[in-house]
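Here are my notes on the model you sent over. Have a look at it first, then read on.

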Amino acid sequence: TARAAGALGIVKVNAPMTDKRILTRRGYRLDQIDVFAIANRLLNGKVEPKVLGKTQVNGRNIAILEFTNANDFDKEVTRELLGIDMEDYFVRIHEMYAGPELVFSLKLENLQLNAPISAQDLEI
């Protein structure tokens with residue numbers, strides 16, 4: 001379920017997860033690439049991450065982990081990188097590679113978890 005942007009913001013749209021309008025270019029469903037799916041698939045599976053190092057995103061310390069041959073919905077993906085925020089442990093970077101080719105990239109550079117909101121923020 002989603003709401004359109006702009007003047008159509010009052011319209012709610014329902015679509016099945018297989019709707020082509022909400023699939024990635026490689027056909028990934030949202031429930032395959034969201035943070036919960038990443039955690040379930042990679043962190044609870046039988047794969048072991050390799051720590052590659054650390055970086056910073058908008059001043060936040062990010063640990064970079066590598067998982068190989070852990071993707072169960074795209075057999076061409078041979079390697080995945082996760083950037084985990086070392087303060088709130090949220091996934092800020094997710095990249096998937098088919099050999100040397102980057103085939104999926106998600107970077108959440110400016111995300112504030114549990115941000116305070118006011119009644120004005122919720123006005124339509």
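1. Is Arg-60 buried, partly exposed or exposed? Arg-60 is partly exposed, with 26% relative accessible area. Keep in mind that this is a predicted model.

2. Now for the partner of Arg-60: its side chain meets that of Asp-85 in a salt bridge, 2.4 Å from N to O. The two sit 25 residues apart, with Arg-60 in strand β4 and Asp-85 in strand β5, so the pair links distant parts of the chain. Asp-85 is buried, at 1% relative accessibility. Salt bridges with shared partners tie Arg-60, Asp-85, Glu-87, Asp-88 and Arg-92 into one network.

3. Arg-26 and Asp-74 make another salt bridge, with their closest N and O atoms 2.9 Å apart. This pair also links distant parts of the chain: Arg-26 lies in the loop between β2 and α1, Asp-74 in the loop between β4 and β5, 48 residues apart. Arg-26 is partly exposed at 33%, while Asp-74 is buried at 11%.

4. Asp-31 and Arg-29 are worth a look too, as their side chains form a salt bridge at 2.8 Å, N to O. Asp-31 is partly exposed at 34%, and Arg-29 is partly exposed at 29%. The salt-bridge count comes to 10.

5. On to the strands: β6 (residues 91-98) and β7 (residues 101-107) run antiparallel, joined by six bridges. They form a hairpin with two residues between them, and Gly-99 in the turn has a positive phi of about 65°. His-94 stands opposite Leu-106 in β7.

6. For the overall picture, the chain has two helices and seven strands, in the order β-β-α-α-β-β-β-β-β from the N terminus. Of its 124 residues, 29% count as buried.

Notes. Residues are numbered from 1 along each chain as its sequence is written. This is a predicted model: local features need pLDDT of at least 70, side-chain atom pairs count only at pLDDT 80 or more; totals for chains, interfaces and linings use all residues. Side-chain values use heavy atoms; hydrogens and water are left out. Two strands pair if DSSP finds at least two bridges between them. Helices (H or I, at least four residues) and strands (E, at least two) are DSSP runs, numbered from the N terminus. Buried means under 20% relative accessible area, exposed over 50%, partly exposed in between (1.4 Å probe, protein chains only). A salt bridge is a side-chain nitrogen of Lys or Arg within 4 Å of a carboxyl oxygen of Asp or Glu.
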